[in-house]
Amino acid sequence: MTNRRTDADVQGFHVSETFTAHLQQVLVDLIELHLQGKQAHWNVVGTNFRDLHLQLDELVDFAREGSDTIAERLRALDAVPDGRSDTVAATTTLPQFPAYERSSTDVVDLISTRIYATVATLRGVHDAVDAEDPSTADLLHELIDGLEKQAWLIKSENRKV
């Protein structure tokens, strides 16, 4: 029997199962945010349609790139990400997005809620991730910052002064 060494063995750094589970939760929520953002993008109608339609694409791109970053970070640490649709549907913390056309006002509220749910996941795992690997926590910081900016830009559509 041979003793197979992994890259983690060589570098001397091993992530815990908890760490992997935390990043997996971030991954599925980002994938779900991407999918729900696209659903909203396709079905939004009403006031400021075009601006919101385009803004939703920016959110979708950010969430998709973020999910890729997290999945590749997991692989770089010899963990295995699971982005299969059945896994995402079964484990996301985001509420289900309603079907059919939605007014732009409703979409702003629905998507803002889902962005903040994703941010809550990121913030909820941040300290544990940071304690184990500050480099990965830096990635979470970037995602939190970017998603909160997206939420601000989108929710401002409904803000009354």
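Where is Asp82 found? Asp82 lies in the loop between α3 (49-76) and α4 (85-91), and the tour returns there at the end.

This is a predicted model, in which local features need pLDDT of at least 70, side-chain atom pairs count only at pLDDT 80 or more, and totals for chains, interfaces and linings use all residues. Residues are numbered from 1 along each chain as its sequence is written, and side-chain values use heavy atoms, with hydrogens and water left out.

**Whole chain.** Show the protein chain as a cartoon. There are six helices and two strands, in the order α-α-β-α-α-β-α-α along the sequence. Helices (H or I, at least four residues) and strands (E, at least two) are DSSP runs numbered from the N terminus. Along the principal axes, the C-alpha atoms fill a box of roughly 65 × 30 × 20 Å.

**α5 and α6.** Select 104-132 and 134-155. The axes of these helices come within 9 Å and cross at roughly 165° (axes are lines fitted to C-alpha atoms, for helices over the stretch in contact, and angles run from 0 to 180 degrees between N-to-C directions). That makes α5 roughly antiparallel to α6 (angles over 145 degrees count as such, and those under 35 as roughly parallel). Their contact comprises 17 nonpolar, six polar and five charged residues. Here Ala, Val, Leu, Ile, Met, Phe, Trp, Tyr, Cys and Pro count as nonpolar, Asp, Glu, Lys and Arg as charged, and the others, Gly among them, as polar.

**α3 and α5.** Show side chains: Leu52, Leu56 and Leu59 of α3 meet Ser104, Val107, Val108, Ile111 and Ile115 of α5, where contact means heavy atoms within 4.5 Å. By class, this contact has seven nonpolar residues, one polar and no charged.

**Back to Asp82.** Select Asp82 and Arg84. Their side chains are joined by a polar contact of 2.8 Å (a pair of N or O atoms within 3.5 Å; within protein, one must be able to donate a hydrogen and the other to accept it, and residues adjacent in sequence count only if both atoms are side-chain atoms). Leaving out residues up to four places away in sequence, Asp82 touches Gln24, Leu27, Val28 and Thr87.

Definitions and conventions
Parallel < 35°, antiparallel > 145°, perpendicular 65-115°, else oblique.
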